[in-house]
Amino acid sequence: MSMPPSLQKMALAVHVLASVGWVGAAAAFLGLGVVGLTSPDPPTVRGAYLAMDPAARLVLVPLALGSLATGLVSSLGTRWGLLRHYWVIFKLLINLFATLVLVLYLDTFRVMADVAADQSARLVEVRNPSPVLHAALALVLLITAAALGVYKPRGKTRYGRRRQA
Amino acid sequence: MPRWAKVAWVITILVVLAFLISLVAGVRHGPGLHRPPEGGAGGAVPEPAAVAAP
C-alpha cells in the first residue's frame with residue numbers, strides 16, 4: 001500500500017521533526033544530568049532533577065511516540081516497507097527499545113523528583129548518575145538510528161527480495 | 001545478508017543477553033535503585049502506595 005506523494009512527504013517531515021527533536025531532548029537531559037551531578041549550588045541540583053520528571057512526560061514521551069508512529073506510517077506507506085530492508089528493521093528495533101526503556105524509566109524520574117523535592121534529603125542523596133548514563137546511551141542509539149535513516153545501507157531481507165521478484 | 005547487518009544482529013543479541021544475564025545475576029533495575037538509604041540523615045522518601053495506605 002503506497003500513500004500519495006504529498007502524504008508521504010508530510011509523514012516523513014513529521015517523522016524527521018519528531019526524531020531530531022527526540023535527539024535534542026535527550027541531549028538536554030544529558031546536560032541536566034551533568035548539572036545535577038556537578039553543580040555546587042543545592043537549588044540548581046534539586047531543580048535539575050525536578051525539571052526532568054515533567055519534561056520527560058511532556059516532551060520526551062510525545063516525541064518518542066511520535067517518532068515511532070510516523071516511522072511506521074512512513075515505512076508502511078512507501079516503497080521501503082517495514083520488513084523489506086535491514087536498515088528499516090534495525091531502525092524500528094532501536095526506536096521500540098528506546099521507547100520501551102523511556103516509558104519504564106518514567107517511574108525513576110518521579111522518584112528522583114520526589115527525593116529532590118524533599119528538603120530534608122541530603123544533596124548526596126539527590127545527585128544521581130543514572131540520568132547521565134541513560135541519556136548518553138539514548139543519544140548513541142538515536143544517532144545510530146538517524147545515521148541508518150540518512151545512509152540507508154544496502155541489504156534486502158528474504159521477504160524484500162521475494163516482494164521484488 | 002550484508003556484513004553490517006550481521007554485525008548489527010550480533011550487537012543486538014549481545015545487548016539482549018547482557019540484559020538477561022544482569023536480571024538473572026540479580027542486578028536491580030527500576031526506581032528502587034535510586035531511593036536514598038533508609039534511616040539516612042535525610043530520611044527516605046516513602047513510596048506513594050505506602051502514603052496512600054490507611
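Predicted model: local features only at pLDDT ≥ 70, side-chain atom pairs only at ≥ 80, totals over all residues.
**Overall fold.** I began with the secondary structure and found six helices and zero strands in chain A, so I read the elements from the N terminus on as α-α-α-α-α-α. For the dimensions I looked up the C-alpha trace, which spans about 70 × 25 × 20 Å along its principal axes. Of the 165 residues of chain A, 32% count as buried. I then turned to the contacts between residues at least 6 apart in sequence, and noted that 82% of them join residues at least 24 apart.

**Helix α3(A).** I checked the length of this helix against expectation: its 32 residues, at 1.5 Å a residue, should span 46 Å, and because its end C-alpha atoms are 46 Å apart, the two values agree.

**Nonpolar core.** The largest nonpolar core holds 34 residues, and among those with the most contacts inside it I listed Ala26(A), Tyr49(A), Met52(A) and Met112(A). Two or more residues each come from α1 (5-38), α2 (42-76), α3 (86-117) and α5 (130-151) of chain A, with α3(A) giving the largest share, 13 residues.

**Surroundings of Met52(A).** Which residues does Met52(A) touch, not counting those up to four places away in sequence? I found Phe29(A), Leu32(A), Phe109(A), Met112(A), Ala113(A) and Pro131(A). Of these partners, Met112(A) and Ala113(A) are themselves listed with Met52(A) among the residues with the most contacts inside the core.

Conventions:
Residues numbered from 1 in each chain as written. Chains lettered and ligands numbered in written order. Core = buried A, V, L, I, M, F, W, Y, C linked by C-beta atoms within 7 Å. Buried ≥ 20, exposed ≤ 12 C-beta atoms within 10 Å, placed from the backbone. Helix = DSSP H or I, 4+ residues; strand = E, 2+ residues; numbered from the N terminus. Contact = placed C-beta atoms within 7 Å. Expected span 1.5 Å × (residues − 1).
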